[in-house]
Amino acid sequence: MAVVANLRQAQATDIVRLRPLIHDTVQDFLDTPELVHQLVQGFGSPLNIIFPDHIAENLKSFQDVYRKYSLKGRIYFTSKPCKSKAIIRKASLYDIGIDVSSSESLNHVMAAGFSPERIEATGPKNNDYILKCLQLDILINVDNIAELQSIQKIRHQLGLLRKARVMIRLTGFSSPRMHFTPQDGTFGIHTKEIPALIDWLVARRDEIDFKGFSFHLTDMNEQQKLVAIENAAQLIFHAIQKGLQPKAMNIGGGYPIQYAKDTNEYDEYIEQIKKSVIGKIENQVWNDGGLGYKDHHGVVVGGPLFMNHAPPHTKGGMLDHLLSQRSPVFGNVTYADLIRDNLLELYIEPGRAMLDQCGITLARVTHTKNSTNGELLIGLDMNRSNNHSQNIKNLCEPVLIPRCTGRQAIPLQTRGFYYVGHLCLSYDIIQYNKIYSDQIPQAGDVVAFINTAPYIMDFTESETLMHPVAEKVAVWKENNQFKWATDQKYLPINIYDEAENDCQ
Amino acid sequence: MIVNKMTDLIGNTPLLKLDAEVTGLKNIDLYAKMEMLNPFGSVKDRTAWAMIKDDLAEIKAKNMTIYENSSGNTGKSLQAIAGMHGIKFRLVSALSKVEEQKQVMQILGAEIEEIAGASDCFDPSDNYDPQYLIERTARSRPGEIYFTSQFTNLKNPAYHEATTGEEIARDLGRVDYFVNALGTTGSSLGISRRLKRDHSDLKTIGIVPSGHHFVPGIRNLNQMWESGIFERSEYDSFFPVTEQDAIDGMLTLNRRCGVLCGISAGANYSGAIQYLSDIDKTLTERKTAVFIVCDRMEWYVSYLKERRPDIFSEPVKENALTHYVADLSSGDMYGIEANEMDHFITQNSNSIMIDIRSAQSFSLVNIPHSMNMPLELFQKWIDGQNPFPADMKVILICAVGEKSGFYAGYLRSLGCHAYHLSGGMGAWREGQCLLAA
């Protein structure tokens with residue numbers, strides 16, 4: 001039996017921090033303050049640093065699962081969570097496909113080195129987008145019946161001899177063994193309509209090459225995903241019996257990542273916020289907000305407006321967890337067996353999980369001051385559009401990189417503070433939760449928000465009030481030395497190696 | 001002893017004094033409050049009874065249905081009591097994680113509505129939370145639903161204060177340490193309040209699951225602030241236990257004390273021992289500690305099978321499958337390429353093709369004249385003995401040619417003429433497509 005190691009005494013004065021999980025290479029980079037400050041000086045604040053090499057580790061976590069279960073198929077890297085060109089260029093070197101969700105992003109990934117047979121087009125599509133996909137023979141993940149009709153029509157207009165390659169996105173999953181409270185959604189074709197659609201596809205099998213069904217459930221509920229796999233499998237089998245030859249099932253994305261350094265610390269931090277909401281301790285959220293929680297007669301009600309920073313399964317581990325569950329509908333086989341033994345390929349569309357630890361956002365501290373009500377504010381030369389996402393607020397404290405070393409550190413308990421932005425607008429709060437750092441940041445220091453590549457660094461960035469959007473710089477290690485290039489000029493392999501060696 | 005109703009047997013449970021040889025405590029007497037001896041098998045019999053006993057006549061007269069959100073024990077108790085009184089009960093809960101709890105409720109005739117996507121415990125932050133859904137249903141059908149609401153019902157702690165706590169105080173007098181796992185926190189709060197009336201220095205320790213560990217019936221500290229009953233100031237400290245700790249604790253009570261209790265009792269015991277053993281070393285006077293034995297062992301068989309399969313393992317035969325190590329050095333020696341299958345079968349009249357995929361996969365696509373023996377059956381069939389005639393050639397088939405290769409190798413080790421389809425059905429089907437094209 002374990003010895004007493006993690007006994008937790010409750011003390012009202014304890015302040016819990018929320019530190020981010022940091023990749024070793026990112027930590028090494030932050031530990032070279034001269035370079036960090038130089039780059040911020042050279043490219044301005046804020047500045048996004050991209051670590052393209054880290055995509056390999058994320059990819060491996062999924063590939064290992066394919067190997068473990070002897071599954072065939074394709075990993076489609078979902079490119080939409082980050083606009084970095086360097087990441088796409090690096091990704092193009094690996095054995096993966098890529099998932100694009102607009103006509104322009106299709107151009108973008110082709111320019112970065114992805115050939116059409118590796119690309120899958122998702123999202124709502126106008127006719128321009130469909131035309132381009134058909135001309136380039138790109139796999140189209142169909143969202144609705146009108147889109148399927150457009151595909152058929154435009155293919156005719158183009159006079160194409162080859163079939164249009166499509167997958168069909170499903171929605172409306174159900175299972176006799178459990179009750180779903182219906183949650184509404186905008187994407188996909190309802191499973192009830194699929195039998196009729198299969199007949200339609202059978203009649204047009206010379207025009208449309210039906211590859212299989214797909215779904216994408218973003219809320220990370222595992223049971224619903226498993227039911228979706230079962231429903232998709234049942235419909236694929238139905239399609240096979242009707243004479244179609246579907247080859248694959250696309251189970252989409254939704255593989256979480258770990259943001260918090262320590263799961264217990266995260267739990268304690270959230271508990272600290274809840275306690276502050278019902279007035280047991282002083283405010284932990286700007287302007288008495290509760291980040292979704294409210295005080296209802298001394299009980300916390302409401303839901304978090306931030307993501308789970310420490311989910312129980314992450315990246316490939318989440319995929320492994322799903323595939324190892326057993327399906328009562330199919331004789332209690334594992335979902336991996338169900339897919340493999342029916343000779344189906346498994347397609348997945350990880351986005352966030354492929355970008356884990358691939359980017360950070362740097363910003364310079366401009367000033368410190370007190371708010372109207374006496375809270376300590378740290379002003380950053382950035383705004384909330386540079387570090388923001390609609391639904392996945394990251395609460396982790398940024399890492400502080402002081403301008404000079406040897407400064408007297410102000411102890412943690414003394415005071416928490418809030419990071420605010422440079423917009424001439426009162427809502428420009430960078431993080432709404434109170435931050436406790438090693439020391440209080442001062443003008444000229446740089447702070448680094450960790451793990452911002454997926455959905456945070458540039459998903460909502462804008463030139464509000466004519467502040468320019470952040471530049472991106474790719475950073476990597478070569479022979480234990482940091483190298484950098486602008487995101488535009490980054491090359492995934494060193495094709496100028498010989499020229500460099502000539503100098504030595 | 002003659003009783004009229006099973007509910008007459010709720011409460012008045014004994015305290016078992018644990019042997020110091022088992023606990024290893026020199027200065028602390030550790031008592032187990034045997035709540036598992038309640039008639040329906042858990043401490044929740046009291047909670048359920050407390051919540052409905054005064055209103056049973058009214059519920060029955062108005063033909064109301066009792067609704068509750070429970071992961072197991074409360075639902076079971078409520079169903080048993082409702083059944084005795086001819087009242088309908090409906091359980092609305094997150095998907096059952098403990099198979100046997102659900103099965104027992106099915107045997108008792110409960111209506112069960114499982115909500116996918118709901119948290120296991122009361123979580124008002126979730127729109128698909130059972131608590132919220134029941135409240136909404138109750139509002140839309142006024143007068144039809146009696147929602148007991150164990151997470152907010154103050155009858156829950158009050159009854160434990162009046163009975164469970166009272167019994168302990170009566171039997172032991174002064175108690176120094178009280179250890180209990182936190183679920184609704186109703187029993188902890190009630191018992192702790194009662195014991196503090198006699199001894200205000202009582203230290204109450206809440207047992208919570210460590211990190212993401214799943215201990216049935218227990219919730220983590222973070223969720224506590226959403227319970228209407230939780231009073232943080234009541235607790236001296238909180239002690240996290242792992243699944244392994246809980247199981248180890250349970251096995252100690254099962255095997256050494258004759259207490260056939262479940263997982264949460266194991267968590268309490270394990271937490272109590274870990275917490276108390278350091279304190280025990282510093283003591284110079286005798287102290288008294290109590291923990292709750294919440295429920296019984298039977299409903300946790302699958303929980304244990306999943307986490308401790310070693311407990312259930314049977315003796316292993318010689319030549320057993322589990323001992324077989326594939327010899328990978330010689331490569332795929334017994335593989336038959338998909339395009340050679342027809343030829344091989346024609347040349348070997350005494351051959352048989354066995355597809356070891358599931359029946360469903362087999363029915364969808366199969367090789368003519370092959371037979372299906374799903375892997376689970378196949379493994380049992382060949383484990384430790386070769387069931388095939390000496391001159392028969394056996395060709396195994398799976399999806400990708402991996403498992404078939406492994407089992408062909410194993411059958412060879414038993415003296416069977418085994419082969420397998422290289423690349424599996426995937427390769428075979430590709431070959432068929434080429435032929436068709």
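Predicted model: local features only at pLDDT ≥ 70, side-chain atom pairs only at ≥ 80, totals over all residues.
**Entry 1: two helices in chain B**

I started with helix H4 (residues 73-84) of chain B and helix H5 (residues 99-108) of chain B, which pack at an angle of about 5 degrees with their axes 10 Å apart. I call H4(B) roughly parallel to H5(B), because angles under 35 degrees count as roughly parallel.

Next I looked up which residues make the contact. From H4(B) I noted B:Gly75, B:Lys76, B:Gln79, B:Ala80 and B:Gly83, and from H5(B) I noted B:Gln101, B:Val104, B:Met105 and B:Leu108. Sorted by class, the contact of H4(B) with H5(B) has 4 nonpolar, 4 polar and 1 charged residues.

**Entry 2: the domains of chain B**

I found it divided into domain 1 (6-39 + 155-311), domain 2 (44-147) and domain 3 (321-436). Between the centres of domain 1 of chain B and domain 2 of chain B I read 25 Å, taken over C-alpha atoms. Their contact takes 27 residues from domain 1 of chain B and 21 residues from domain 2 of chain B.

Which elements give two or more residues to the side of domain 1 of chain B that touches domain 2 of chain B? I found helix H7 (155-162) and helix H13 (301-307) of chain B. H7(B) gives the most to that side, with 4 residues. I sorted the residues of this side of domain 1 of chain B by class, and they divide into 10 nonpolar, 12 polar and 5 charged.

**Entry 3: chain A as a whole**

Over to chain A, where I listed 13 helices and 22 strands. Its radius of gyration is 25 Å, close to the 23 Å that the globule rule gives for 504 residues, so I can call chain A as compact as a globular protein of that length. Along its principal axes, the C-alpha trace of chain A spans about 75 × 70 × 50 Å.

I also looked up burial: buried residues make up 45% of the 504 residues in chain A. Among contacts in chain A between residues at least 6 apart in sequence, 70% join residues at least 24 apart.

**Entry 4: the domains of chain A**

Chain A is divided into domain 1 (24-51 + 357-486) and domain 2 (53-256 + 311-355). I read 36 Å between the centres of these two domains of chain A, taken over C-alpha atoms. The contact takes 14 residues from domain 1 of chain A and 12 residues from domain 2 of chain A.

What gives the most to the side of domain 1 of chain A that touches domain 2 of chain A? I found strand S21 (residues 471-478) of chain A, with 3 residues. The residues of this side of domain 1 of chain A divide into 10 nonpolar, 2 polar and 2 charged.

How values were computed. Residues numbered from 1 in each chain as written. Chains lettered and ligands numbered in written order. Rg over C-alpha atoms; globule rule 2.2 N^0.38 Å. Buried ≥ 20, exposed ≤ 12 C-beta atoms within 10 Å, placed from the backbone. Contact = placed C-beta atoms within 7 Å. Domains from an automatic or database assignment. Nonpolar A, V, L, I, M, F, W, Y, C, P; charged D, E, K, R; others polar. Axes fitted to C-alpha atoms, helices over the stretch in contact; angles between N-to-C directions. Parallel < 35°, antiparallel > 145°, perpendicular 65-115°, else oblique.
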